[in-house]
Amino acid sequence: MKDIPDENVYNLIPKEEVTVAKASRYMSQFRESVKIEEHKNKAAHKTMGTAKAEVPSPKEYLQKHTKEAMLAQKSAFFDSTGRPHRCLAEDKKRPPVPLRTEQPIMGVQTNKSFITTNVAEAVMAVPKKPQPIYVDNKKGDKHLLETSGLVPKYIKRKDYGSTPEYLVKRNEEVRKAQEEYDAYIKQRLKMGAMKQLSEEERQSMLEGLKKNWDELHHEYQRLSVVIDTPPKKAHKERLEAEMRQLERDIDVFERHKIVYIANN
């Protein structure tokens with residue numbers, strides 16, 4: 001598109017200048033009052049602190065929970081002081097309209113005030129006792145005190161310190177078995193089928209068993225280091241078996257002070 005030159009026939013007609021109307025600046029209606037308040041507040045605090053400060057009275061001290069926000073209780077169940085009504089008039093609250101699916105109650109009518117009942121139960125209820133706990137570290141980990149073993153609850157039982165029934169029964173069975181065994185031994189002694197070793201005989205037999213074990217042990221120590229033939233292996237196994245049998249016999253004579261032997 002070619003540029004239109006300034007010298008043009010249409011430019012000979014004078015054009016009217018269109019002036020755009022500018023919107024007026026917004027001014028608040030509280031401008032003057034704000035200026036006055038700001039000036040007044042600044043003028044009162046030009047010095048250190050307020051010019052005239054009211055000293056609080058000692059009788060009007062700050063009480064507990066005075067600065068907390070209190071919600072207004074707008075309920076039909078509470079009065080102006082916040083306490084629940086003792087009774088609720090029938091005209092203040094009516095029962096809701098039953099649903100279409102509900103079945104009518106036949107022959108059951110009651111004038112019980114559940115609100116009054118709930119209030120009475122809440123007033124007469126016993127406060128719940130806190131559950132005893134213990135803290136075992138510096139971080140405050142809590143655990144139940146009852147299951148910790150620190151509460152002496154077993155010593156307060158009626159059967160504390162008494163022997164359990166299963167132990168009494170077992171002791172009675174052991175006693176009866178010992179009596180039967182003693183009766184059998186006495187019977188065998190009367191028949192002459194066995195005799196009781198004296199303490200001297202028991203000690204002599206014990207010393208003989210130990211002497212035999214020493215001889216077998218000395219012979220076992222003299223075996224060759226290399227056992228590569230069947231006779232050597234059989235000899236070693238025989239010595240070990242005899243030494244084990246002597247050890248069992250020695251243990252029996254050392255544990256039992258009364259020893260019986262058969263006459264045959």
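The largest nonpolar core has 10 residues, namely Leu-197, Leu-206, Leu-209, Leu-216, Leu-239, Met-243, Leu-246, Ile-250, Phe-253 and Val-259. A nonpolar core is here a set of buried Ala, Val, Leu, Ile, Met, Phe, Trp, Tyr and Cys residues joined through side-chain atoms within 4.5 Å; buried means under 20% relative accessible area, exposed over 50%, and partly exposed in between, with a 1.4 Å probe and protein chains only. Helix 4 (199–221) and helix 5 (230–255) are the elements that give two or more residues to this core, and helix 5 gives the most, with five residues.

The model is a predicted one, in which local features need pLDDT of at least 70 and side-chain atom pairs count only at pLDDT 80 or more, while totals for chains, interfaces and linings use all residues. Residues are numbered from 1 along each chain as its sequence is written, and side-chain values use heavy atoms, with hydrogens and water left out.

The protein chain contains five helices and four strands, taken as DSSP runs numbered from the N terminus (helices H or I, at least four residues; strands E, at least two). Read from the N terminus, the order of elements is α-α-β-β-α-β-α-α-β. Of the 264 residues in the protein chain, 5% count as buried. Among contacts (heavy atoms within 4.5 Å) with a separation of 6 or more, 48% are accounted for by residues 24 or more positions apart.

Met-243 lies in helix 5 and is buried, with a relative accessible area of 9%. Leaving aside residues up to four places away in sequence, Met-243 touches Trp-213, Leu-216, His-217 and Tyr-220. Met-243 and His-217 are 26 residues apart in sequence and 7.4 Å apart in space, C-alpha to C-alpha. With the corresponding sequence neighbours left out, Phe-253 touches Leu-197, Arg-202, Met-205, Leu-206, Leu-209 and Val-259.

Most residues other than glycine have a negative phi. His-65, although not a glycine, has a positive phi of about 65 degrees. At 47% relative accessibility, His-65 counts as partly exposed.
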